[in-house]
Each structure stands twice: as structure tokens, then as C-alpha cells.
Amino acid sequence: MVNDTMQILRYQLGAELDRMNAFIRDALHTDDPLLNKVVDRYLLTKGKQIRPLLVLLSANLFGGINDNTLHVAASLEMLHNASLIHDDVVDSADFRRGLATLNRDFDNRIAVLTGDFFVSNALAEVLQTGDARAAASIADLGKELSLGEIKQISNARDCTFEEDRYMDVISKKTASLFMKCIRLGAESAGASDSMTARAVEYGRLLGLCFQIKDDIFDYFEDKAIGKPTGNDLRENKVSLPLLYALRVAPAGEGEKMKNLIRSGNLTDEQIAVLIEFAKEMGGIDYAYSVMDRMRIESETILADLPSNQWRTAFSDLFAFTIFRKA
């Protein structure tokens, strides 16, 4: 059942998701052949679209989807995609979701400008709602996402090994977007402030869990390369499993691993050592225990929200997030 969650949601919300994607295509279409080619090429990699699905789920939980719901969902999805395009440039990434990135297929200039184009259209799309509160939320989210990325770079440069700072980063770079999806979906359906606040807290926990699980993937074999990717460690980004291992390891061993990270420009062999160290020290199990605590807390929150099929879907989505394979 867990593995079928996204398929079921896409089936249940397929018509609304199609309308939202039509809003996105219309917003991004121009009379410039190159930009249209770049945009069309990028939209092929849209992935699971879990974030706009959260908007639609939230609206349904509190009364139903309307045009404003679709406009804010489209806006959030374009802003999210803009952040991914810019991240690929910053990280000099060649692939995303198994396909070549825009910066690889075109160049950094085209990729950055395309990301900027997505941001501008995200703002224009939310203005279609005529809701100043929604527009303010989108603007605020842009700041949060940027701040999260800057904090992550700062932590990597300073080689900080504090779990609180890690949680602060993923709260801004990932959970903030999930929270806005829930908030804007609820507000578009007329939910009360108190109910919206409870639902947003669920979104915070889901977003944190989503990023922790993404980080766990980095410790396991990528079938395309036959070994753990170690992408975060290549950029001196230390995620939860390794942070835990560094905290609980015997002092001498922990300091040795910290010095290895501080040395920078890690080789494949050094990355393999750090990954194995994190596993041996129980870092993966610890990360799963943190996610499970979040899941239990999320169930308490959901119990306060309207009892309908969409509340059940939110519960299923949390389990899917923890056990997803990609």
C-alpha cells in the first residue's frame, strides 16, 4: 500500500493536476524558440510533483479545490523548479532524475536565466488569485529557500557538525516549501487560521522527513554508478547519519573522521570510509528513528484535522516518504 501511495494520489487528483500543469505550460510559453525549447526540455523532468499534490490535498481536506488552489499550486511548482535549476548551476550538477541538467545541455547562462524566468512566472501566477496574502507567502518562501542554501554552504565551509544546524538548514531549504504548500492549499479552501496552523505543522514534519530520507539515499548504491553516490560529502555537506556517527563514536575515531572531512576535496576512497563509518556507528538506524518520531507526531496533528479520505491520504503520504525507493 505504501509503495502505491503516489500512484493512487495521482489517479485521484489527476484531472486537477492536469489543469495545474496546463497553467504552468501557458505561463511559461513565449514567442522565443530557444526559451520554449529549454522550458519544454525541462518540463520533461517534472518528477512526482509531490509539492503541488500537497496543495491539492490540503485544499480538499478543508473543503475543496478551486481555481485559486490551482494557481498557487502552479506558482509553488514553478518556484520549486527554479530553485532546482539554480541548485544544479551552483553544484555544477550534470544530471537530475536521470536526465542531463539544463546547465549541462545548454550552459550556465541559459540555466540561470531560465530559473529566473520560472521565478518571475511563479510570482505572476500567484497574482492571478488576487490574494495579497498568497503573494506575500510566495515572496517569503523565495527568501527562505535562498537562506537555506546559503546556510548549507556556510555550514559546509565551516565544517560544522551540529545536528541543530543541520535541522535548521533542511527546515529552510525543504520543509519551508512543504509548509507553504499546505498553508496555501488550506487558505485557498477557506480553512480557519487554527486549522491551517495545525496542518502547516504537519507539513513541517513531512518536509524534514523528506529531506532526511533524500540524504539517506546518498549512503547507498546508485545502480548507475555501482556505489554510494556520496554527492553531499563531495561538497562537504554532512547529513544526519554521519552527524550522529560523529557524535557517538569514540573520541579519537570521531576526531579522525572530522579531520578527514575538514581536509576537503575528498577522494572516492575517503568518501567510502566516511559512509561505512556512518553505517557502522548506527547513523542510518538513527535517521530512521528520527523520521519515525516525526511520523508519530504527525499522527497526533492529523487527529485534530477534519476526518475524511484526504486526512487518510496525508497519513499514507508520510509513510510513503519514509519508505520510498527514490
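Predicted model: local features only at pLDDT ≥ 70, side-chain atom pairs only at ≥ 80, totals over all residues.
View A. Look for Ile 153 in helix H8, which covers residues 132–158. Together with Val 90 and Ile 150, Ile 153 makes up a nonpolar patch on the surface. The accessible area of these three residues together is about 270 Å².

**View B. Thr 30, a buried residue in a loop.** Here we visit the loop that links helix H2 (14–28) to helix H3 (33–43), where Thr 30 is found. Thr 30 has a relative accessible area of 18%, so it is buried, the cut-off being under 20%. A polar atom of the Thr 30 side chain lies 3.0 Å from the backbone nitrogen of Asp 32. Leaving aside residues up to four places away in sequence, Thr 30 touches Leu 35, Asn 36 and Phe 117.

View C. A disulfide is a covalent bond that joins the sulfur atoms of two cysteines. Searching the whole structure turns up 0 disulfides. Cys 181 takes part in none, and its nearest cysteine sulfur belongs to Cys 209, 16 Å away. For Cys 209, likewise in no disulfide, the nearest cysteine sulfur is that of Cys 181, at 16 Å. A disulfide would need the two sulfur atoms within 2.5 Å. Cys 181 counts as buried because its relative accessibility is 0%. Cys 209 is also buried, with a relative accessibility of 0%.

Conventions:
Residues numbered from 1 in each chain as written. Heavy atoms only, no water. Helix = DSSP H or I, 4+ residues; strand = E, 2+ residues; numbered from the N terminus. Buried < 20%, exposed > 50% of the residue type's maximum accessible area, 1.4 Å probe, protein only. Polar contact = N/O pair within 3.5 Å; in protein donor to acceptor, adjacent residues only side chain to side chain. Contact = heavy atoms within 4.5 Å. Patch = residues over 30% accessible without salt bridge, like charges linked within 9 Å, V, L, I, M, F, W, Y side chains within 5 Å. Areas by Shrake-Rupley, 256 points an atom, 1.4 Å probe, with all protein chains shown as cover. Salt bridge = Lys/Arg side-chain N within 4 Å of Asp/Glu carboxyl O.
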